[in-house]
Structures are given as structure tokens and as C-alpha cells.
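Please have your viewer ready.

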Amino acid sequence: MFDIPYVLKVVFYRSEIGNEPVREWLKGLPREDKRKIGEDIKTAQIGWPLGMLLIRKIDKDLWEVRTRLENGIARVFFTVDGEYMILLHGFIKKSQKTPQNELKTALTRLGNYETTKEVNYEKHTSRFQL
């Protein structure tokens, strides 16, 4: 067997107080949902840049990974900073349109990350492991 090179290293966004919202969200999901989301994140990690159907650009410096689940479609908003894919926000979408509060949360975290990343990168990210 051979190792597939990763284009991006995946890390979790970490808030000022040390919370990792995407990691916490994932922990609350059923095992099968976590597995599917993890596979899609890994596909993005290996094949970046990818387009529809798996990845969609949402805004400047903001993309989403889309994963079909039994109870809806999981969305994981992320940004790319150099060789890092920073997971900002995750939720299960049950309607056609992305709820504005979910988008606002992702954009707020993106802004927080961009504002503070120069100060202490390690403080605002942690390695991706399910």
C-alpha cells in the first residue's frame, strides 16, 4: 500500500476561550455521520481544490464541505490558510437555503481567526482527529 500525499492539513478552529465548536459538534453526531463527514473532509484534504458537488465557495475565503446524511445534509464551513484547512462551523442543513445564522457564525469565526492568527496560530487551531 502507498501513502497518498495531503494537499492540506486539517485543523479545528479554536475560540478565544479554548472551545473547538466543530470538534464538539462532531462528537455529538452518530458514528456513521462522523465517518461520512470525515471521509468528505479527507477527500477535500487530498484533492484540494475541488468543486461542486463536494465543495462550494460561499464567500471570500469561505467554503463548505457538503455531506449527505440520512437526516439532512451536513455542512462544514472552512477557510484555507496556506497549507491548512481550518474547520470553522458545522451544522445539519434541513432546508434548501443555508440559514443566515449559520452563515453569520462561520463568518464571525473566520473574522476572529483572521484577526488573531498572527498573534498566536496555535491558540486558535488544533489538529483534526475524530
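This is a predicted model: local features need pLDDT of at least 70, side-chain atom pairs count only at pLDDT 80 or more; totals for chains, interfaces and linings use all residues.

Residues are numbered from 1 along each chain as its sequence is written, and side-chain values use heavy atoms, with hydrogens and water left out.

Let us start with the rings. The structure holds 4 aromatic pairs (rings of Phe, Tyr and Trp, the last by its six-membered ring, with centres within 6.5 Å; planes under 30 degrees apart are stacked, over 60 edge-to-face, the rest tilted). The ring centres of Trp63 and Phe78 are 6.0 Å apart with planes at 20°, so this pair is stacked. Because Trp63 sits in strand 3 and Phe78 in strand 4, the pair ties together parts that are 15 residues apart in sequence. Trp63 and Phe78 are both buried (under 20% relative accessible area, with exposed over 50% and partly exposed in between, using a 1.4 Å probe and protein chains only). Together with Trp48, Trp63 and Phe78 form one aromatic cluster.

These are some of the elements, as DSSP runs (helices: H or I, at least four residues; strands: E, at least two):

| Element | Residues |
|---|---|
| Strand 1 | 9-13 |
| Helix 1 | 21-27 |
| Strand 5 | 84-93 |

Arg23 belongs to helix 1 and is buried, at a relative accessible area of 17%. Strand 1 pairs with strand 5 in the parallel sense over 4 bridges (pairing needs at least two DSSP bridges), and Phe12 has Leu87 of strand 5 as its bridge partner.
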